[in-house]
Amino acid sequence: MVDREKATEQVYQPAEDSHLLAETTAEQVANLEADARVVDVGTGSGYVAATVAEATGVDVLGVDISPLAVREARDHGVTAVRSNLLDGLAGPFDAVTFNPPYLPTDPDAEWDDWMEYALSGGPDGRRAIDPFLDDLPRVLAPAGRGFLLVSSLTDVEAVSERAAANGLATRELAEESFPFERLVVLELTHAE
Amino acid sequence: MKESLMDILCCPLDKQDLELEVVRRDDDEILDGRLVCTECGEEYPIEEGIPNLLPPDMREETPA
């Protein structure tokens, strides 16, 4: 059993990407009904889920593959479920948020612990993004909206193409530039 | 987990409905128990209020 202090070091803590996703989503879903269904995928510490919940009054579900993350999210008052991406969820959801691991990484030098897993996007940075996009249409309500944080390091164009191949329309809702990357919040909706 | 979650969870393997078996609960939620797939019979534990919907081969405490 991992102790609590060590556990926190192994769970991704809120950073610029989390803030951009949380604030953008909270603004965009401000008008959701109180009984709307919202899920935060890869919730980590639960920051995005808690921020959106606080801003909207909607109960936001947080899912994560890491046992340490779901415990920490629950400690932060987030309803937590352990699941790999959307695998254990039936939906339908009115909003789905995801701040994925997106740093392109050398396959030989990763996955040693939960923190690396939370950061590593595999060789092209899309190890978690691609299966998420493939499964999102299944759980997204007809008028539901996905909010995906993408970095220029991950190739925003490639992400949009994968979304389109799954019948999803994309639109840039917000962006923020940093010295080595540009962060974008992509909206994902069922294409007409 | 709150019982209302049952509406939006499914078996990660075949996406079928789950049946709730409660072992321990308080006024708000289920603390320990299991979720059983109504189709394939696979069981998913609920521990300390958190349902674990990872398939059996992904349940280890360390990353792959």
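Residues are numbered from 1 along each chain as written, and chains are lettered from A in the order written. In this predicted model, local features need pLDDT of at least 70, side-chain atom pairs count only at pLDDT 80 or more, totals for chains and interfaces use all residues, and side-chain values use heavy atoms, leaving out hydrogens and water.

Q: How much area do chain A and chain B bury between them?
A: The size of an interface is often given as the accessible area lost when the parts come together. Buried area is just that loss, found with a 1.4 Å probe and summed over both parts. Here 58% of it sits on carbon and sulfur atoms, and the total is about 2,100 Å².

Q: Which residue of chain A forms a salt bridge with Asp7(B)?
A: A salt bridge is a side-chain nitrogen of Lys or Arg within 4 Å of a carboxyl oxygen of Asp or Glu. Two turn up across the interface of chain A and chain B. In the one with Asp7(B), the closest N and O atoms are 3.7 Å apart, and the partner is Arg37(A).

Q: Is Pro67(A) buried or exposed?
A: Buried means under 20% relative accessible area, exposed over 50%, and partly exposed in between, using a 1.4 Å probe and protein chains only. Pro67(A) has 4% relative accessibility, so this residue counts as buried.

Q: What ipTM does the model score?
A: The pTM is 0.93. The ipTM asked for is 0.93.

How values were computed: Buried area = accessible area lost by both parts, 1.4 Å probe.
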